[in-house]
Amino acid sequence: MQQRSSAHTVPALRPVPPRTNRADAYLESLQMLERLHRLLLDLVKDEFERLGRSDLTPVQALLIYNLGTSEVTAGELRSRGMYQGSNVSYNLKKLVELGYVHHERCEMDRRAVRVRLTPAGQEVRDCVARLFARHAEGLELSGVLDDPPIEAVNLQWRRIERFWAEQIRYIY
């Protein structure tokens, strides 16, 4: 099997026809965001298959990665943006059963459960961190992060995130 180099140049994108309005460009961004999320899950799945690990789903691996060194309640996982899925309870239960996450009842509020990674969970988190570091290095070497600068892209996404959050608050 041929080894892929992470330091390859990215092929030029075909020119995008000029947009007649911003709404079309926004809708294209939404479609791109969905595709990127699915590709991210595929990349994590691919990495775990390459390593011979089939016990975790990509969503569970990302939950472990985002939990990191924190100790939080299940509710805080969502409110802090560490986990965006609607089935957090199911995934946490599975991760506890598999030995990747430790959970215990809060002493102050016995209804709440605090979770943190076990040593096995930390190994998974490190594996995902190495994958992301390799991708960041490859993207940096290829110049993809330069035009527009990734910092400007992130700023734009934070503004959209804030706008969406305000829309949700406005509804309720």
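1. Helices, as the word is used in this note, are DSSP runs of H or I with at least four residues, numbered from the N terminus. One of them, helix α4, covers residues 88-97, and because Lys 94 and Glu 97 are three residues apart in helix α4, about one helical turn separates them. The model in which they are found is a predicted one.

2. As for the overall layout, the secondary structure of the chain amounts to six helices and three strands, and their order along the sequence follows the pattern α-α-β-α-α-β-β-α-α. Of the 172 residues in the chain, 22% are buried. Among contacts between residues at least 6 apart in sequence, 56% join residues that are at least 24 apart. The chain exposes about 13100 Å², and carbon and sulfur atoms supply 55% of that area.

3. A residue that a new reader may wish to locate is Ile 64, which lies in helix α2, residues 58-67. Ile 64 has a relative accessibility of 0% and therefore counts as buried, since buried means under 20% relative accessible area. When residues up to four places away in sequence are not counted, Ile 64 touches Leu 56, Leu 95, Tyr 100, Leu 117, Gly 121, Val 124 and Arg 125. The C-alpha atom of Ile 64 is also separated by 8.0 Å from that of Val 101, a residue 37 places away along the chain.

4. The structure holds ten salt bridges, one of which joins the side chains of Lys 94 and Glu 97, with 3.7 Å from N to O. Lys 94 is partly exposed at 28% relative accessibility, whereas Glu 97, at 52%, counts as exposed.

5. Another salt bridge is formed by the side chains of Glu 47 and Arg 50, with 2.8 Å from N to O. Both residues lie in helix α1, where they are three residues apart, about one turn of the helix. Glu 47 is buried, with a relative accessible area of 6%, while Arg 50 counts as exposed at 55% relative accessibility.

6. Which residue forms a salt bridge with Arg 114? The partner is Glu 71, and the closest N and O atoms of the pair are 3.5 Å apart. This pair links distant parts of the chain, as Arg 114 is in strand β3 (residues 113-117) and Glu 71 is in the loop between α2 and β1 (72-73), 43 residues apart. Arg 114 is partly exposed, with a relative accessible area of 26%, and Glu 71 likewise counts as partly exposed, at 33% relative accessibility. Salt bridges that share partners join Glu 71, Glu 76, Glu 104, Arg 114 and Arg 116 into one network.

Notes:
Residues are numbered from 1 along each chain as its sequence is written. This is a predicted model: local features need pLDDT of at least 70, side-chain atom pairs count only at pLDDT 80 or more; totals for chains, interfaces and linings use all residues. Side-chain values use heavy atoms; hydrogens and water are left out. Helices (H or I, at least four residues) and strands (E, at least two) are DSSP runs, numbered from the N terminus. Buried means under 20% relative accessible area, exposed over 50%, partly exposed in between (1.4 Å probe, protein chains only). Contact means heavy atoms within 4.5 Å. A salt bridge is a side-chain nitrogen of Lys or Arg within 4 Å of a carboxyl oxygen of Asp or Glu. Accessible areas come from the Shrake-Rupley method with a 1.4 Å probe; for residues, only the protein chains shown count as cover.
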